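The sequence and structure come first.

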Amino acid sequence: MPTESKGQKNEFEQAGEGQQDSLVREFIDFVFANKKWWLIPILLVLGLVGLLAVLGSTGAAPFIYTLF
C-alpha cells in the first residue's frame, strides 16, 4: 500500500468531497457508459404510468378519464 503524506488526499477522498450527481444524471451516465439503450423505453413507460397514477388522484382526474 503506497504511503501518502498527511497533506495529500487519495482518489477516494477527493471523489467523496466532490458534488453529488442527481439520480437522473447518474442513470444517464450509466446508460451511456454501459450502452444499455433498452432501459430508456422501459423507464419512460414506467414514468408515464406513475404520472397517470398521480394525476388520477388529483383534480385532473376527470380530464384524464375522458382520454380513455
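## Surface and helices

The protein has an accessible surface of about 6,400 Å², and 67% of this belongs to carbon and sulfur atoms (Shrake-Rupley method, 1.4 Å probe; for residues, only the protein chains shown count as cover). The model is predicted: local features need pLDDT of at least 70 and side-chain atom pairs pLDDT 80 or more, while totals for chains, interfaces and linings use all residues. Residues are numbered from 1 along each chain as its sequence is written, and side-chain values use heavy atoms, without hydrogens and water.

Of the 68 residues, 6% count as buried (under 20% relative accessible area; exposed is over 50%, partly exposed in between). The protein has 4 helices and 0 strands (DSSP runs numbered from the N terminus: H or I of at least four residues, E of at least two). Helix 2, residues 23-34, spans 16 Å from first to last C-alpha, close to the 16 Å expected at 1.5 Å a residue (1.5 Å times one less than the number of residues).

The structure holds 1 aromatic pair (ring centres within 6.5 Å, with the six-membered ring for Trp; planes under 30 degrees apart are stacked, over 60 edge-to-face, the rest tilted). Phenylalanine 32 and tryptophan 37 are edge-to-face, because their ring centres lie 5.2 Å apart and their planes stand at 85°.

| Residue | Relative accessible area |
|---|---|
| Isoleucine 40 | 33% |
| Tryptophan 37 | 43% |

Isoleucine 40 belongs to helix 3, residues 39-56.

Technical notes. Buried < 20%, exposed > 50% of the residue type's maximum accessible area, 1.4 Å probe, protein only.
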